[in-house]
Amino acid sequence: MGNSIIVKPSPFTPCATLKFAELAASVLPRGLVQALNGDSEIGRLITIHPGIDKISYTGSIPTGKKVAENAAKTLKRVTLELGGNDASVVCPDVDVKAVAAKVAAGSFFHSGQMCVATKRVYVHESVFQEFRDTFVEAVKNIKIEPSDAQSPLFSPIQNGVKYKVVKDLIADCKENNYTLLCGGNADDEQPGLFITPVVVDRPPDDSRIVKLEQFGPIIPLMTWSTEDEVIARVNRTCTGLGACVWSNDVGTADRIARKIEVGTVWINSAEAPNPYGYCSGWKQSGIGGEWGNQGLLSYSHTQIIQLCK
């Protein structure tokens with residue numbers, strides 16, 4: 001397609017992106033891929049520049065709205081992959097111990113700092129107690145090692161601002177007397193920006209920990225009794241990025257998945273995006289999408305040539 005690209009990394013996490021651009025520049029034609037480092041002002045100037053045809057942004061919903069507003073001034077094409085509050089729905093027929101461990105791993109990979117990481121867990125009431133106990137055991141076994149040998153499964157919070165957001169959520173849970181099944185105590189304090197994983201037992205649906213995208217190592221566990229009820233609760237959010245459904249009956253899982261208002265649903269798997277599949281968000285989780293044929297075509301213009309004879 002021949003599109004040249006300017007990559008603007010986050011000012012909080014620039015190194016990996018800049019290294020990628022360096023490696024790409026060593027094998028691609030000169031100027032085809034360039035990196036432009038800087039703060040949010042650099043990003044703003046990119047979005048309003050008349051010589052740029054498209055913006056693809058991954059990040060927060062508030063910033064995504066600013067990107068869309070600026071891009072509208074020159075009617076730039078935009079792809080926005082924004083925040084999500086992904087739910088995992090656990091049905092009563094699962095292998096509880098196996099699924100609990102997998103949901104825990106999906107929730108706390110990179111300390112929950114993934115757009116599509118599970119942020120809420122809904123477990124059928126008939127298996128909740130066993131699931132909760134196994135889930136908490138798995139979370140307590142997560143090793144926190146603030147050194148170069150640290151496993152990528154669990155990492156520090158990426159910056160001080162996000163660290164404060166997670167700590168405020170933990171404080172809010174305590175102030176409202178929610179039950180913390182692990183983490184959140186003074187003796188759980190870690191050096192630097194590490195936070196010991198926190199599991200919250202059945203907070204109300206209108207609590208901050210359920211309504212907000214925490215983007216950190218704190219997860220609420222809730223119960224459900226009927227499919228219609230849990231689907232309504234899962235969909236009661238302004239975002240719609242992804243979700244997981246866990247069931248031994250594929251028909252049941254498929255029926256629930258098709259009623260969840262998100263771009264991607266994983267059945268019997270934690271969130272693991274596949275580059276062959278279109279990845280997009282519904283509601284305020286974004287506009288357009290990436291990957292797959294549809295994502296690739298979003299970087300091109302459609303032109304129809306009609307030859308009349």
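1. Basis. The model is predicted, so local features need pLDDT of at least 70 and side-chain atom pairs count only at pLDDT 80 or more, while totals for chains, interfaces and linings use all residues. Residues are numbered from 1 along each chain as its sequence is written, and side-chain values use heavy atoms, with hydrogens and water left out.

2. Aromatic pairs. Rings of Phe, Tyr and Trp (its six-membered ring) are paired if their centres lie within 6.5 Å; planes under 30 degrees apart are called stacked, over 60 edge-to-face, and the rest tilted. By this rule there are 2 aromatic pairs. One of them joins F108 and F135 and is tilted, with 6.5 Å centre to centre and 50 degrees between the planes. This pair links distant parts of the chain, since F108 is in helix α4 (residues 96-108) and F135 in helix α5, 27 residues apart. Helices here are DSSP runs (H or I, at least four residues), and strands are E runs of at least two, numbered from the N terminus.

3. The stacked pair. F131 and F135 are stacked, at 5.7 Å centre to centre and 25 degrees between the planes. Both residues belong to helix α5 and are 4 residues apart, about one turn of the helix. F108, F131 and F135 form one aromatic cluster.

4. The cut-offs are under 20% relative accessible area for buried, over 50% for exposed, and partly exposed in between (1.4 Å probe, protein chains only).

5. Charge over a ring. The charged end of K54 sits over the ring of Y299, 3.9 Å from the ring centre. The criterion is NZ of Lys or CZ of Arg within 6 Å of the ring centre and within 35 degrees of the ring normal.

6. Cysteines. How many disulfides are found? A search of the whole structure gives 0. C279 is in no disulfide, and the nearest cysteine sulfur, that of C115, is 8.9 Å away; a disulfide needs a pair of cysteine sulfur atoms within 2.5 Å. C279 is buried at 15% relative accessible area, whereas C308 is exposed at 70%.

7. A loop residue. N159 lies in the loop between α5 (128-140) and α6 (160-175). N159 is buried, with a relative accessible area of 7%. Leaving aside residues up to four places away in sequence, N159 touches F12 and L193, where contact means heavy atoms within 4.5 Å.
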